[in-house]
Amino acid sequence: MRVIDIEDINEAMQDQLRFMLHCEEVYRDKISTAAAKILQKKDTKPIVCLTGPSGSGKTTTAMRLKAYLENMGVTVGLVSMDNFFLPVDKRPPEATDWESPYCVDRHALADCILRLAEGQDVEAPWYDFKTGDVGGYRTLHGDKDGIVIAEGIHMLNPLILDLLNGEYTGVYVAPRTRIITHEDRIVNPEQLRVARRMIRDLLGRGHTLRSTVERAQTVDRGELNYIQPNKGNAQIHIDSFHDYEPCILSKYLMELPEFHEQLDDEFVEKHGLTDLMKVVKSVPPLTTPYVPKNSLVREFVGGSIFEY
C-alpha cells in the first residue's frame, strides 16, 4: 500500500507544471511497463482482460495501452464489455442488479474476443443505455498477429475468463494510494473514486453530486461482490492515482455552485467523506492549463482526446 502526505502534495504544488508533468510521466511509465509484459506473452496470450471498479480509470488505461502498443506497430482491437449487456427483458433471474455479471451476454462477448484474436472481422453490438436494448452493430477488425484488449468491470470474472481458453493476460486498474491528512487521518481510494464520479457524472451525465454519492453504496456493494474477489486473476496491477489529483479535484469541485449547495457538512459526514472534503479544501487548486489531453484525470473532468 502506497501513502502520500498532504504536506508533500502542498510542497510539490509550489511548481504546479513540473509536479503535474512528473505525475503524468509516472503513469506513462506504468503503461509502458504493462505493455512490455503484454508483448512478452503475445504469441500465446493475445487477449488482455482489463478491469477495475467504477471510477478507477480503466477505460482511459485501456485506450492508453492501445495507443502505446499501436505506436510500437501492433494492431490492437478494443472491446467494451458494456456493449454486451443483455436487453433488460432477457436477463436471467440471477441478474439481480446492474452490477451483476449475469447482466452480460458473456458467451457473445467471449466469442467476439476469440474471433478477433483469430483474425476475423466481427459484427459487434453496441448497447443503448437509454432504451435498455441493443442499439445496433459495428464492424470490428481482427488481426491474428495483433492484440485484443477487452475492458469492463467483469473481465476478470471466471464466468468470462473460463470461456477464453487461457489466452489472456489480466490487468487490474484502480487507485491504490492513500492520502494522509493534517490530522493523520487516511483518505482511502474509495473516497477518491466517489469524487472522480461526482465530477464526471455531473458534467457528462447530468447527475447531481448528491445522487452520485448516494449511489456509491450500491456501487461499492457490487465491487465487493463481483470485482474484488477476482483481483487475484490479474497478472498486472496498475495504481491509477495521480499525486496532483486532489488539486485538480479541488479546482473543479470548488468552482461548482452545486458543491457548496448540496454537500453540506452533515451530508458529507453521513456518507463518510469528511476527510476527503477536508483535503479538497486544504490543497491549492491546480490552475495550469497544460494537463495532457490523454491524461487519465480527463476521463473525469473532461477535455480528453478519447471518446467514452
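Is S240 buried or exposed? S240 counts as buried, at 0% relative accessibility. Buried means under 20% relative accessible area, exposed means over 50%, and partly exposed lies in between, with a 1.4 Å probe and protein chains only.

Before I continue, a word on the basis of these values. This is a predicted model, in which local features need pLDDT of at least 70 and side-chain atom pairs count only at pLDDT 80 or more, while totals for chains, interfaces and linings use all residues. Residues are numbered from 1 along each chain as its sequence is written, and side-chain values use heavy atoms, with hydrogens and water left out.

Let me return to S240. S240 is found in the loop between β10 (236–239) and α8. Helices (H or I, at least four residues) and strands (E, at least two) are DSSP runs, numbered from the N terminus. Apart from neighbours within four places in sequence, S240 is in contact with Y27, S56, V173, A174, P175, R196, E245 and L296; contact means heavy atoms within 4.5 Å.

T61 is our next residue. T61 belongs to helix α3 (residues 58–71) and counts as buried at 0% relative accessibility. With neighbours within four places in sequence set aside, the contacts of T61 are Y27, I31, L50, V173, I238 and L296. A polar atom of the T61 side chain lies 2.8 Å from the backbone oxygen of G57. Such a polar contact is a pair of N or O atoms within 3.5 Å; within protein, one must be able to donate a hydrogen and the other to accept it, and residues adjacent in sequence count only if both atoms are side-chain atoms. T61 and D105 are 44 residues apart along the chain, and their C-alpha atoms are separated by 24 Å.

I now turn to the nonpolar cores. A nonpolar core is a set of buried Ala, Val, Leu, Ile, Met, Phe, Trp, Tyr and Cys residues joined through side-chain atoms within 4.5 Å. The largest has 39 residues, of which M198, Y244 and L263 touch the most other members. Two or more residues each are given to this core by α1 (6–12), α2 (16–40), α6 (189–205), α7 (209–227), α8 (245–255), α10 (265–270) and α11 (274–282). Helix α6 supplies the largest share, six residues. Beyond its neighbours within four places in sequence, M198 is in contact with L209, T212, V213, L253, L263 and M277. There is also a second, separate core of 33 residues, with V79, V104, A110 and Y172 among its members.

H271 is partly exposed, with a relative accessible area of 27%. Neighbours within four places in sequence aside, H271 is in contact with V213 and E214. Between H271 and V213 there are 58 residues of separation in sequence and 7.4 Å in space, C-alpha to C-alpha.

Next, the aromatic residues. How many aromatic pairs does the structure hold? The structure holds six. Rings of Phe, Tyr and Trp (its six-membered ring) pair if their centres lie within 6.5 Å; planes under 30 degrees apart count as stacked, over 60 as edge-to-face and the rest as tilted. F85 and W98 form an edge-to-face pair, 5.4 Å centre to centre with 65 degrees between the planes. F85 counts as buried at 6% relative accessibility, whereas W98 counts as partly exposed at 42%. W98 also pairs with F129 in a tilted arrangement, 6.1 Å centre to centre and 35 degrees between the planes. This second pair joins the loop between β3 and α4, where W98 lies, to the loop between β4 (122–128) and β5 (133–140), where F129 lies, 31 residues apart. F129 is partly exposed, at 47% relative accessibility. Together, F85, W98, Y127 and F129 form one aromatic cluster.

The charged end of R91 sits over the ring of W98, 4.1 Å from its centre. The criterion is that NZ of Lys or CZ of Arg is within 6 Å of the ring centre and within 35 degrees of the ring normal. The charged end of R210 likewise sits over the ring of F267, 4.1 Å from its centre.

Finally, the sheet. Three strands form an open sheet in the order β1-β8-β9, with mixed pairing. Two strands pair if DSSP finds at least two bridges between them. The edge strands, β1 (3–5) and β9 (186–187), each pair on one side only. Strand β8 (residues 178–180) pairs with β9 in the antiparallel sense over two bridges, and I179 stands opposite V187 in β9.
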